[in-house]
Amino acid sequence: MGAAVFFGAFFWLVSLLLASLIWFVSVHLSDREDAKLQYGLLIFGAAVSVLLQEAFRFAYFKLLKKADEGLATISEDGRSPISLKQMAYVSGLSFGIISGVFSVINILADSIGPGIVGIHGDSPYYFITSAFLTMAVVLLHTFWGVIFFDACERRRYWCLGVVVASHLATSGLTFLNPWYEASLVPIYIITVCTGLWAFVTAGGSFHNVLKCLSCKQEADSRVMMYSALRVPFEE
């Protein structure tokens, strides 16, 4: 699992590198004095970054699928020790962690100082809002990974479209900052809805939640089956 997390983070970094390269070239080929054009190129770069992240998520799915088939081939029972749902969770979590690190690392560096947030009339809630936004992005990537892998496995292309569209919407909402009420609230609505969708996709149900909260364990009938199949001792 640790290797899967590492390679997932690597795939996300490669997608970010390519998106940054495209944005860098487009900025240097355009009129750098035109503020509206540069803002438009920034939005364009964010959209390209989202599309590349989802493209590399699909490439990572193909890689893990091949690895899963290889593990199933060499295993004794012909089955892979890692399920598709586990791979989807690890993939989404790796994308989310590395995305969260890159989102918050510059903010943490600025928090050291010098200067005081809001001294020129800006919002004093910049750091706390950035923390909540980063948490939402990490959760969203985890949920997107579960939904995306399941959609690829079952060939549900409309689910892939919804994942890409929600990712684009989340990225676009961040351009409303520093109007944090207009960006953070819709992003968390998307996070909750996507989380419920991923929960159902992973096989979760309300009955399972109640059983987990009650901490009750069902009796395992395999012990009785094993005892019934034992060969009797010879006298």
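User: Why is the contact between R57 and E54 called a salt bridge?

Analyst: The closest N and O atoms of R57 and E54 are 3.0 Å apart. A salt bridge needs a side-chain nitrogen of Lys or Arg within 4 Å of a carboxyl oxygen of Asp or Glu, so the pair qualifies. This is a predicted model, where local features need pLDDT of at least 70, side-chain atom pairs count only at pLDDT 80 or more, and totals for chains, interfaces and linings use all residues. Residues are numbered from 1 along each chain as its sequence is written, and side-chain values use heavy atoms, with hydrogens and water left out.

User: What makes R57 buried or exposed?

Analyst: Its relative accessibility is 0%. Buried means under 20% relative accessible area, exposed over 50%, partly exposed in between (1.4 Å probe, protein chains only). R57 is therefore buried. E54, at 4%, is buried too.

User: What places R57 over the face of F148?

Analyst: R57 is 6.0 Å from the ring centre of F148. The rule asks for NZ of Lys or CZ of Arg within 6 Å of the ring centre and within 35 degrees of the ring normal. R57 counts as lying over that face.

User: How many salt bridges are there by this rule?

Analyst: The count comes to 3. Among them is K65 with E153, at 2.8 Å between the closest N and O atoms. K65 lies in helix α2 and E153 in helix α4, so this pair ties together parts that are 88 residues apart in sequence. K65 is partly exposed at 23%, and E153 is partly exposed at 36%. R154 and D150 also meet in a salt bridge, at 3.2 Å from N to O. They are 4 residues apart in helix α4, about one helical turn. R154 is partly exposed at 48%, whereas D150 is buried at 15%.

User: What makes F132 and Y188 an aromatic pair?

Analyst: The centres lie 6.5 Å apart, and the 70° between the planes makes the pair edge-to-face. F132 lies in helix α4 and Y188 in helix α6, so the pair ties together parts that are 56 residues apart in sequence.

User: How many aromatic pairs does the structure hold?

Analyst: It holds 12. F10, F11, F56, Y60 and F95 form one aromatic cluster.

User: Where is the kink in α3 centred?

Analyst: The kink of about 30° is centred on V104. The bend is the angle between axes fitted to the seven residues ending there and the seven starting there. Just after α3, G113 takes a positive phi of about 110°.

Definitions and conventions:
Phe/Tyr/Trp six-rings, centres within 6.5 Å; stacked < 30°, edge-to-face > 60°. Helix = DSSP H or I, 4+ residues; strand = E, 2+ residues; numbered from the N terminus.
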